[in-house]
Every structure is written in structure tokens, then in C-alpha cells.
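Subject: Structure for you to look at

Hello,

Here is the structure I said I would pass on. My notes on what was found in it follow below.

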Amino acid sequence: MKRYLDCNATCPPVQAALEAVAKAALEAPGNPSSLHWAGRAARRIVDDGRDQLAAFVGCESGSVVFTSGGTEANNIAIHSVLASLQSGSVVCTAIEHPAVLKPLSQLKGDCFEIIQVRPNSDGMVSAESMIAAITDDTRLVCMMMVNNESGAIQPVQEVAAFCRARGITMLVDAVQALGKSSLNFQQLDIDFMSLSAHKIGGPKGVGALLVRRGMKLHELTPGGGQERKRRSGTENVPGIAGFAAALGQIDFTTFAPIRDSFEQQLKNQIPTVRIISEQTARTANTSLFILPGMDGETLLMQLDLAGFAVASGSACSSGKREASHVLLAMGVNDATARSSVRVSFGPGNTMDDADALVKALVKSRQRLRGMAGLVTE
Ligand SMILES: Cc1ncc(COP(=O)(O)O)c(C=O)c1O
């Protein structure tokens with residue numbers, strides 16, 4: 001039996017999104033920039049999708065720039081602020097997604113300094129430590145709303161208020177917050193927010209950058225001037241339709257009982273397990289844990305053979321053999337960080353999945369310990 005428990009990597013598309021994608025592709029085949037009926041039909045889908053997303057996340061429709069996903073949204077925001085910067089500093093959390101950390105380090109050159117603020121041992125970067133790192137030279141602050149590995153919710157609102165009062169540009173990567181924690185662009189009063197459709201049951205390859213009115217964007221791929229000259233390239237019409245249709249379809253907070261039961265059983269069966277971010281506010285569908293002495297990748301492969309899809313460390317960097325930068329930043333040592341497994345529940349998951357996964361984990365662990373010549377508990 002196949003069980004999918006990796007919804008933070010990507011959430012399987014919801015029916016409403018699939019239907020909207022098919023309908024848009026079939027019924028609005030035109031290019032939204034074309035003036036004929038087919039183009040106008042496609043334009044309507046893009047405009048409606050923009051209005052729906054804006055209403056859902058609390059911003060003006062004009063703030064929405066559709067992109068190919070969260071990665072591109074982060075890159076556009078970062079390039080827009082830093083491409084012409086000659087000096088100053090950028091303050092970000094040390095647990096940002098690579099879609100923030102990589103463009104920052106690529107653009108850095110000798111021009112500006114990047115200050116990475118570490119989380120506490122629970123995976124939360126305090127507002128005080130972010131604020132303490134901000135100086136008169138700070139040109140950009142990047143703070144994710146929810147960490148993709150641990151699910152830890154970050155105190156973005158307080159940092160946003162501080163930045164606003166000083167006119168410092170702020171980017172919030174909210175890719176893992178959409179559908180999982182409360183989110184309102186206008187209330188946060190920030191400059192940029194990145195979103196992605198496939199984390200909420202929408203199609204892959206579509207997302208959005210929300211932009212404060214008046215902020216100038218630097219186009220990464222100059223061309224036909226779509227999205228009001230902010231992001232060129234023919235709009236992904238079916239993708240946008242699917243993104244809009246997916247909004248609000250999944251309430252990830254409803255997975256708390258399954259996640260909690262999973263963790264309780266795991267603790268009962270393997271008392272040495274360490275649940276990450278257990279003592280801080282975190283999203284209800286996510287469980288990141290360390291099984292001391294085990295290799296997370298090997299466990300993942302064992303579980304895969306048994307039909308379970310889970311992640312070890314960051315799903316976005318699976319395939320790489322590097323320890324999770326998030327766990328390292330939390331002060332976990334390299335060997336221990338490699339013993340981590342992430343389970344992220346979503347639609348279709350039941351208590352039975354939680355029970356079966358605990359059993360499979362215990363069995364895989366026993367087998368691996370047996371192979372290593374260790375006595376089982
Ligand atoms: C926090 C965070 N930011 C950005 C991304 C990248 O989003 P996308 O896959 O839409 O490019 C991800 C994907 O895992 C993520 O978790």
C-alpha cells in the first residue's frame with residue numbers, strides 16, 4: 001500500500017484545482033495578451049485568479065505578480081532590492097529556504113554583508129535577535145513565516161513592524177504558511193511576500209510575489225512586459241486557474257490529531273526520539289524528528305520500500321548528502337542532523353497512516369540496528 005506523507009515537499013493536487021486547470025486549458029486556449037475572444041477568455045482567467053488570490057491573502061489585486069513558484073518570487077524580490085546595491089547589509093534568518101539563501105549569496109559579491117540570524121534550539125528565530133542584527137545600513141530583511149523542515153512559525157509580525165517604522169524593505173517567504181497559518185499581506189505591512197501553489201494542492205510551477213504598491217521590480221527575464229512589466233513571459237493560464245481554485249481547499253490545521261497521535265506513539269515506542277520544535281508554535285501537519293544513531297536517508301529508503309513517502313531533512317535538497325542547514329543552525333551536530341526524518345501530513349491521511357508509519361519506523365530501525373550489530377531495545 002502506498003502512503004504519501006510528504007506534503008511540505010508538495011501537496012497532491014486537489015480535485016477543484018485539477019478541474020480548473022483542465023477547464024482553463026480547454027476553454028481558454030488563447031494567449032492572455034491577444035485581443036481576440038480566445039485571448040480575452042484567457043485574460044479573464046488570469047484577472048479572476050489575481051482577484052481571488054488577493055482576496056484570500058489580504059492585498060490589492062495590483063500587488064499580485066504571478067510567477068513560476070516560490071523560488072522565482074523570492075529571486076525577483078531579492079534581485080529587485082539588491083541588483084543595484086553598492087553597500088549595506090542584508091539580515092535574514094539562518095533557516096531560510098535555499099530559494100532565499102542562494103540568491104543572496106550569489107548577489108553578495110563584495111558589495112554588501114549578509115547577516116544570518118540563528119534560531120534557538122527549538123527552531124524559532126526571535127524577533128529580538130532579528131531586530132538586534134538590523135542597523136542603519138540594513139537594506140533588506142528576509143524572514144520566512146513558517147520553516148519548511150520543522151514547521152516552526154516565526155515571529156514575522158514584530159519584525160515587520162520594526163522594519164516598517166524604519167522604512168527597511170522586508171521580504172517574507174510565506175510558501176509554507178499558506179493554508180497552514182494565518183496570513184494577511186496588508187496586516188503584515190511588508191514589501192514582498194512569496195507564495196507557491198503546489199504546497200496547497202494547486203499545480204506545480206505556479207506561484208506569486210505580492211508586492212507593496214510603489215515598489216519597483218527588477219525583471220529577471222525581460223521580455224514582453226506581462227504582469228504590468230514586472231514579470232515577462234506568457235502567463236501560465238491553467239496554472240493560475242488551478243492556484244486560485246486550490247485556495248482554501250485544504251485546512252492543514254485539521255491534521256493536528258493525526259500528527260500528535262503519530263508523535264505520541266513514536267515517543268512510546270522509541271523513547272530516545274527527539275521531536276524538533278515541539279516546544280514552539282509550529283504548523284499542525286509537520287513532524288520533524290531525530291532518531292539517534294540512525295541515518296535519515298537510509299531510513300527514508302527503507303520506508304520507501306514499505307510504501308511510505310517521507311523526507312529526510314529538507315525535501316528540496318533531497319538527493320544531496322548534506323546535513324540540514326536548519327538543524328545545524330539550531331545547534332544540532334552534523335551526525336545527529338543526518339538522523340532526521342520529516343513527516344508532513346495532508347489530504348487523504350488518516351490515523352491509520354500514523355499508526356502504520358510508527359510500526360514501519362520501529363521495524364526499519366530494528367532491522368538497521370540488527371544489521372549494525374546493535375542490540376534492539
Ligand atoms: C519555504 C519555501 N520557500 C520556497 C520554496 C520554493 O517554492 P517552489 O517550489 O514553488 O519554487 C519552498 C519549497 O519547498 C519552500 O518550502
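A residue is called buried here when its relative accessible area is under 20%, and exposed when that area is over 50%. Please bear in mind that this is a predicted model.

Helix 1

Helix 1 covers residues 15-27, which makes 13 residues. From its first C-alpha to its last it reaches 18 Å, close to the 18 Å expected at 1.5 Å a residue. Its buried residues are Ala-17, Ala-20 and Ala-24. These cover an arc of only 65 degrees around the axis, which puts them on the same side of helix 1.

Helix 6

In helix 6 (residues 156-166), the buried residues are Val-156, Val-159, Ala-160, Phe-162 and Cys-163. Seen down the axis, they fall within an arc of 160 degrees, so they line one face of helix 6. Among the elements that cover them are helix 5 (127-133), strand 5 (138-142), strand 6 (169-173) and helix 7. After helix 6 comes Gly-167, which has a positive phi, near 70 degrees.

Helix 10 runs over residues 256-269 and has 14 residues. Its reach from first C-alpha to last is 20 Å, close to the 20 Å expected at 1.5 Å a residue. Buried in helix 10 are Ala-256, Ile-258, Arg-259, Ser-261, Phe-262, Glu-263 and Leu-266. They pack against strand 9 (274-275), strand 10 (286-290), strand 12 (340-344) and helix 14 (351-371).

Phe-255 lies in the loop between helix 9 and helix 10. Phe-255 counts as buried because its relative accessibility is 8%, against a cut-off of 20%. What does Phe-255 contact, leaving aside its neighbours within four places in sequence? The contacts of Phe-255 are Ile-250, Ala-284, Asn-285, Phe-345, Gly-346 and Pro-347. Ala-55, by contrast, is 200 residues apart from Phe-255 in sequence and 25 Å apart in space, C-alpha to C-alpha.

Two residues with positive phi

Most residues other than glycine have a negative phi. Asp-189 is not a glycine, yet has a positive phi of about 60 degrees. Asp-189 sits in the loop between helix 7 (185-188) and strand 7 (192-196), and is partly exposed, with a relative accessible area of 31%.

Ser-277 also has a positive phi, near 65 degrees, in a residue other than glycine. Ser-277 is in the loop between strand 9 and strand 10. Is Ser-277 buried or exposed? Ser-277 is buried, because its relative accessible area is 2%.

The cavity

Rolling a probe the size of a water molecule over the atoms shows where empty space is left. The count comes to 1 cavity of 30 Å³ or more, and the largest cavity has a volume of about 30 Å³. Its lining consists of Phe-56, Leu-178, Gly-179, Ile-200, Ala-246, Leu-247, Gly-248 and Ile-250. Of these lining residues, 6 are nonpolar, 2 are polar and none is charged. Ile-250 is also one of the contacts of Phe-255.

Regards

Methods:
Residues are numbered from 1 along each chain as its sequence is written. This is a predicted model: local features need pLDDT of at least 70, side-chain atom pairs count only at pLDDT 80 or more; totals for chains, interfaces and linings use all residues. Side-chain values use heavy atoms; hydrogens and water are left out. Helices (H or I, at least four residues) and strands (E, at least two) are DSSP runs, numbered from the N terminus. The expected span of a helix is 1.5 Å times one less than its number of residues. Buried means under 20% relative accessible area, exposed over 50%, partly exposed in between (1.4 Å probe, protein chains only). The arc is that of the directions from the helix axis to the C-beta atoms. On a 1 Å grid over the protein atoms alone, a cavity is a set of points where a 1.4 Å probe fits but cannot get out, and a pocket is an open set with protein on both sides within 12 Å along at least five of seven lines; lining residues have an atom within 4 Å of a point. Grid points are joined across faces, edges and corners, and a volume is the space filled by probe spheres set on the points. Ala, Val, Leu, Ile, Met, Phe, Trp, Tyr, Cys and Pro count as nonpolar, Asp, Glu, Lys and Arg as charged, and the others, Gly among them, as polar. Contact means heavy atoms within 4.5 Å.
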